[in-house]
Amino acid sequence: MAHSTPAKTRTAEPAQPASMMSVIAPAVGWLIPGAGHIIQKRWIRGLLLLASIGSLFVLGLLMQGHIYKANGGDILDILGFIGDLGAGGLYITTLTMNWGQGAIAFAVADYGTKFMIVAGLLNFIAVADAYHIAIGKKP
Amino acid sequence: MTIQLTHFSAAFVFALFTSIVFGITHRETTRDMLRYGLYCFAMFLGGILVAGWAMWLVRR
């Protein structure tokens, strides 16, 4: 008589516990652009991100770009604030030092404003990338 | 300290740094990152030149 083997029951695999790195890397990456990659030993990527995002933001400041503060007014101002906020430590430093408060007097200064917003938005992408590396979705 | 970039140099710098970040974050292997970064850079600069000439034609 053959033994009947019990049907293999497939137990649900426990969800992968969120590693500490998946929290720390995005946080550090937001504060210092590229640092989320650097702490995961992606040195070249991290340094390139730091150089690119940092340069874009600093150039924006040097071009007399305007920095947005938290506000509840015009939708474009709110979007500008969200973009600037992405730059993390660069944005906080700029606000603390009271830089980027001048009135936009020429066309290139408006480019500077856009440079800083784009630097922040690019840092959001870099933060997401650091997270994907931390959870193993990207090498 | 302030700097005054020309319109083209501002666009060039923007294209350069943005392409680097796009290349790193949108592809997985080093080779693909480099290729995609160069592609983005070419598209940015190409778009700038095409738009510039289009505006020149419109003005005439």
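In which sense, left-handed or right-handed, is the crossing in which helix 4 of chain A passes helix 6 of chain A?

Reply: The crossing of helix 4 of chain A with helix 6 of chain A is left-handed; a crossing is called left-handed if the near helix is turned anticlockwise from the far one by less than a right angle, and right-handed if clockwise. The model is a predicted one, in which local features need pLDDT of at least 70 and side-chain atom pairs count only at pLDDT 80 or more, whereas totals for chains, interfaces and linings use all residues. Residues are numbered from 1 along each chain as its sequence is written, while chains are lettered from A and ligands numbered from 1 in the order in which they are written.

Two packed helices are described by the angle between their axes and the distance between the axes. Helix 4 (residues 75–85) and helix 6 of chain A pack at an angle of about 60°, and their axes are 6 Å apart. Axes here are lines fitted to C-alpha atoms, for helices over the stretch in contact, with angles from 0 to 180 degrees between N-to-C directions. Helix 4 of chain A is therefore oblique to helix 6 of chain A, given that angles under 35 degrees count as roughly parallel, over 145 as roughly antiparallel, 65 to 115 as roughly perpendicular and the rest as oblique.

On the helix 4 side, the contact is made by Gly80(A), Gly83(A), Asp84(A) and Leu85(A); helix 6 of chain A contributes Met116(A), Ile117(A), Gly120(A) and Leu121(A). Contact requires C-beta atoms, placed from the backbone, to lie within 7 Å. By class, four of these residues are nonpolar, three polar and one charged; Ala, Val, Leu, Ile, Met, Phe, Trp, Tyr, Cys and Pro count as nonpolar, Asp, Glu, Lys and Arg as charged, and the others, Gly among them, as polar.

Helix 6 of chain A also holds Ala119(A). Ala119(A) is buried because 30 other C-beta atoms lie within 10 Å; the term buried applies at 20 or more such atoms, exposed at 12 or fewer, and partly exposed in between. Ala119(A) and Leu85(A) are 34 residues apart in sequence, yet their C-alpha atoms are 9.6 Å apart in space. Leaving out residues up to four places away in sequence, Ala119(A) touches Ile53(A), Leu56(A), Phe57(A), Gly60(A) and Ala87(A).

Ala119(A) and Met116(A) are among the residues with the most contacts inside the largest nonpolar core, which has 39 residues. Such a core is a set of buried Ala, Val, Leu, Ile, Met, Phe, Trp, Tyr and Cys residues joined through C-beta atoms within 7 Å. Helix 6 of chain A gives the largest share of this core, 14 residues. Phe115(A), likewise among those with the most contacts in the core, is in contact with Phe14(B) as well as with residues including Leu56(A) and Met63(A).

The surface between the chains involves helix 6 too. In total, 21 residues of chain A are in contact with 15 residues of chain B. Helix 3 (43–62) and helix 6 (107–134) of chain A each supply at least two residues of the chain A side, and helix 3 gives the most, with nine. That side divides into 15 nonpolar, three polar and three charged residues.

As for the chain as a whole, chain A has six helices and zero strands; helices (H or I, at least four residues) and strands (E, at least two) are DSSP runs numbered from the N terminus. Of the 139 residues of chain A, 42% count as buried.

Technical notes:
Two residues are in contact if their C-beta atoms, placed from the backbone, lie within 7 Å.
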